[in-house]
Amino acid sequence: MAFLLGICSSLTVKSVLVGLIALFIATWFYRRPRNLPPGPTGWPLLGYLPNLISAGDEYKNLTRLAKTYGPVFSMNLGGTLVVVVNSFASIKEALSHPNTADRAPTRFFKKMTDDPDALSVGTASGDSWSQQRKFCLSVLRGLGVWRSSFEDAIATEAGCLINGIKEHEGNPFNPAHLLGNAVSNVICSVTLGKRFDYADPKFQQLLKSITRIFEMCEGGDVYTYLPIMEYLSFTSTFKDIESSTRSIIEFLRESVENHQSNLDVDNPKDFIDVFLREIHDNETKNIKSYITKNNMLLTCFDLFTAGTETSSTTLRWALLYMVAYPKVQAKIQQEIDDSVGRNRLPRLADKPQLPYTEATILEVQRLASIAALGVTHMFSKDTNLLGFDIPEGTRLLTNLWAVSRDPSIWSSPEEFKPERFIDEAGSLKPREEHLPFASGRRVCLGEQLAKMELFIFFSHLLHQFSFKKPDESQPLSFEAVNGLTLTPIPFEVCAIPRE
Ligand code: HEM
């Protein structure tokens, strides 16, 4: 005892600090399991997190790290182990592994509904996720969303978009707003069974909140699922995201209540009607299910946010590329005029005759790579993957951007060349390495809907207008704003009606 007291009284602040740092380093190295993928060490405790945040453009920084450590590397981000897969082969293999379908726990939705454990299809894991996902896909199929019958709803919205653009009479305008309105209305038709007038203030507030969330989540999905972020819940960024999320959920809650009071269980008209009927049936038969009102409210939030910002951002990139590459634009218009003519608008059935139009959409998606780092997954068990031993709970980041720029897959990957998706016979040549929607069991739930939207909106717009850069406007930039998705820097276009 006297010996211990003697040591304590001889300690200085400096020696205690040095001792603590040494202890942290030793603990960190000791805790690092063996046979992990290699990777940067970073700082004690915080690991590589400060480096990643300070460097910005996380998708580019991770791509650079893959050049040093190989296509599969690992790092500590604020005390959480993260594995990053950066090549087509490693992403495919990682996402097809049965142990990688989980999402990390999130407290984000905790206070958004009356049930603190409620989670959406995009954030749930295990049975809750698989049941919700199966349910969503079957409802969307039941409502005809994957079938060509749904194209009329998209075409009607494209008509409203065209009218909105015509109102600008060839003068410069930022297309972001109108595209957001049109794309969001498609998902409104699916979930709420109605579309909104573009001037409706409630609808505008909803869209503003969605855009705000995507803007505020800088760096893609890298930080969303790190437990250390919980300590930042006092920041204005976090509060802003929270209040925007709450306002969308309130809007949806009101709509669910309206649906509830007018529900005709034998004749469900939209996503909300179907899930209310399912809940009613389960209650009658006393069946326990993850299809609860709160889970579904949050799932509607996912459909709204994921379904609005992604497709409209892709269309914005598409218009930017059309303005920058007028020859590509003219070639698409020629193809549409030759196959479809001027007396009607393109339909999905015209797709086989419009390979260059489709190839251009694929090339825009490749270069824009809007979901640069996909959505973070989590290993549900200790797993041997790609020759490495990865502990349960490790986060998995898929660097889709790295694949879209991989020179071993795409010749001159920085160039905009729709021809890379066309074969010698002039037909469309889809490439399995093209992964805008990721892959595996958690592949984008809205992939088919998004493909339909992109084709109808894009082909209708080019059938009706030629897009030009306004005289004396800023030089075009292909730099991306790095939010939850990669969006173009705001730009203006002139839409000249075609004869
Ligand atoms: C061009 C448009 C789109 C792109 C590029 C895109 C991309 C993605 C990506 C990369 C993921 C992550 C997959 C993973 O976890 O590995 C995802 C998930 C998801 N997407 Fe999309 N998406 C698009 C449109 C849509 C639309 C229109 C909807 C709405 C119907 C939607 C709903 C979802 C949902 C709900 C998830 C989560 C699925 C799950 O966790 O099981 N997406 N999307």
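Two strands pair if DSSP finds at least two bridges between them; helices (H or I, at least four residues) and strands (E, at least two) are DSSP runs, numbered from the N terminus.

**Entry 1: ground rules.** I am reading a predicted model, where local features need pLDDT of at least 70, side-chain atom pairs count only at pLDDT 80 or more, and totals for chains, interfaces and linings use all residues. Residues are numbered from 1 along each chain as its sequence is written, and side-chain values use heavy atoms, with hydrogens and water left out.

**Entry 2: the sheet.** I looked up Val72 and found Val85 of strand 2 opposite. Six bridges join strand 1 to strand 2, and the two run antiparallel. They form a hairpin with two residues between them, and Gly78 in the turn has a positive phi of about 60°.

On I went to strand 6 (residues 395–398), which runs parallel to strand 2 (residues 80–85) and is joined to it by four bridges. Here I noted Val84 with its bridge partner Leu397, and Val85 opposite Thr398.

What is the order of the strands in the open sheet? I wrote down 1-2-6-3, four strands with mixed pairing. Strand 1 (72–77) and strand 3 (377–378) are at the edges with a single partner strand each, so one side of each has no neighbour in the sheet.

**Entry 3: what covers it.** Helix 4 (residues 58–69) packs on the sheet and touches strand 1, strand 2 and strand 6 (contact means heavy atoms within 4.5 Å). Its direction makes about 120° with that of strand 1; axes are lines fitted to C-alpha atoms, for helices over the stretch in contact, and angles run from 0 to 180 degrees between N-to-C directions. Helix 5 (residues 88–96) lies across strands 1, 2, 3 and 6, at about 140° to strand 6.

Is strand 2 mostly covered or exposed? Six of its six residues are buried, meaning under 20% relative accessible area with a 1.4 Å probe, protein chains only. I checked both faces: Thr80, Val82 and Val84 are buried on one side, and Leu81, Val83 and Val85 on the other.

**Entry 4: the ligand.** I found 27 residues around the ligand (a heavy atom within 4 Å), and Arg103, Arg133, His377, Arg442 and Cys444 are the closest. Helix 12 gives the most to this shell, with six residues.

Next I looked up polar contacts, pairs of N or O atoms within 3.5 Å. A polar side-chain atom of His377 lies 2.7 Å from a ligand oxygen. For the side chain of Arg442 I noted 2.8 Å, and for that of Trp129, 2.9 Å.

Key: A polar contact is a pair of N or O atoms within 3.5 Å; within protein, one must be able to donate a hydrogen and the other to accept it, and residues adjacent in sequence count only if both atoms are side-chain atoms. Buried means under 20% relative accessible area, exposed over 50%, partly exposed in between (1.4 Å probe, protein chains only).
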